[in-house]
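Please open the model in your viewer and keep the selection tool at hand.

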Amino acid sequence: MQAAKLASLGQALAGVAHEVSQPVAALTTHLASAKLLAAQRQDAEIGGILATMDKVVDRLAALTGHLKTFARKQSEAPMEAELASVISNALELVDHRLKAFGVDTEYRRPNRALRVRGNPVHLEQVLINLITNAADAMEHSPVRVLSIGTAEAEGQVEIAVTDTGAGVAAGDLPNLFDPFYSTKEAGRGLGLGLSISYGLVRDLGGSISVESRPGHGAAFTVRLPLVATARSESLTV
Ligand SMILES: Nc1ncnc2c1ncn2[C@@H]1O[C@H](COP(=O)(O)OP(=O)(O)O)[C@@H](O)[C@H]1O
Ligand SMILES: [Mg+2]
């Protein structure tokens with residue numbers, strides 16, 4: 001039943017992605033013209049804003065492209081992602097939300113490159129899902145701290161996203177990663193974030209798990225195989 005739910009979801013998403021990709025292509029063209037104008041007029045301020053918009057549009061294009069392949073399950077060219085940039089991109093994209101919720105973020109960039117197989121946009125999507133869930137869970141908490149940690153062990157890397165929110169009730173734990181499972185009010189949660197994240201991480205040969213202390217917070221851990229590098233240095237925490 002879950003596979004059937006996901007399959008029809010995939011088709012719906014591919015339809016939306018197809019509709020969205022045309023205006024996204026038009027936006028790209030208009031942005032290119034605007035950048036030319038800004039350059040001609042030597043307007044660095046507008047140029048800067050346009051460059052930011054460019055990044056957002058690129059991301060939209062990458063996401064809609066991904067949604068289309070999601071339905072067809074076609075294999076993509078193998079890619080590699082570097083975790084520090086994946087994490088900082090994800091944080092940048094949810095920054096406004098974290099600020100709006102008054103969340104303090106604790107994160108120390110790993111001091112060496114950690115490479116994993118996979119499309120960086122997919123991994124950003126996973127982290128964005130975990131971070132927005134963490135922010136939602138802390139809405140009514142007196143202390144709002146989001147911690148992101150990376151640790152390396154035995155050819156694997158662990159990314160832990162921990163919050164000081166409400167935690168997960170024991171009764172919800174078994175269903176948390178199911179499609180359309182949400183404890184949020186209608187209109188706020190679709191219940192797809194964790195199930196999509198679960199699928200993306202599994203496709204990369206990894207896993208995702210949760211530990212919760214109800215009333216004190218939750219910790220989600222993503223484990224991914226590291227791409228072997230020539231250098232092997234010591235631990236990064
Ligand atoms: N950090 C968290 N703390 C507490 N509960 C969480 C956390 N992350 C996810 N959950 C629970 O898992 C459910 C499913 O999450 P998700 O699949 O992202 O869907 P949604 O966020 O749309 O509800 C949430 O409704 C919530 O009950
Ligand atoms: Mg969510």
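Begin by selecting α4 (120-137) and α5 (193-203), whose axes come within 9 Å and cross at roughly 145 degrees; axes here are lines fitted to C-alpha atoms, for helices over the stretch in contact, and angles run from 0 to 180 degrees between N-to-C directions. The crossing of α4 and α5 is left-handed, a term used if the near helix is turned anticlockwise from the far one by less than a right angle, with right-handed used if clockwise. Show side chains for His122, Gln125, Val126, Asn129, Leu130 and Asn133 of α4, which meet Gly193, Leu194, Ile196, Ser197, Leu200 and Val201 of α5, contact meaning heavy atoms within 4.5 Å. These residues divide into six nonpolar, six polar and no charged, where Ala, Val, Leu, Ile, Met, Phe, Trp, Tyr, Cys and Pro count as nonpolar, Asp, Glu, Lys and Arg as charged, and the others, Gly among them, as polar. Helices (H or I, at least four residues) and strands (E, at least two) are DSSP runs, numbered from the N terminus.

A word on the model: it is predicted, so that local features need pLDDT of at least 70 and side-chain atom pairs count only at pLDDT 80 or more, while totals for chains, interfaces and linings use all residues. Residues are numbered from 1 along each chain as its sequence is written, chains are lettered from A and ligands numbered from 1 in the order in which they are written, and side-chain values use heavy atoms, with hydrogens and water left out.

Now select leucine 204, in the loop between α5 and β6 (207-213). Beyond its neighbours within four places in sequence, leucine 204 is in contact with Arg117, Gly118, Leu123, Leu224 and Pro225.

Finally, which residues are closest to ligand 1? Of the 19 that surround it (a heavy atom within 4 Å), the closest are Asp163, Ser182, Thr183, Lys184 and Leu194. α4 gives the most to this shell, with three residues. Look for an oxygen atom of ligand 1 that is 2.6 Å from an N or O atom in the side chain of serine 182, and for a backbone N or O atom of glycine 191 that lies 2.8 Å from an oxygen atom of ligand 1.

Note on methods:
Polar contact = N/O pair within 3.5 Å; in protein donor to acceptor, adjacent residues only side chain to side chain.
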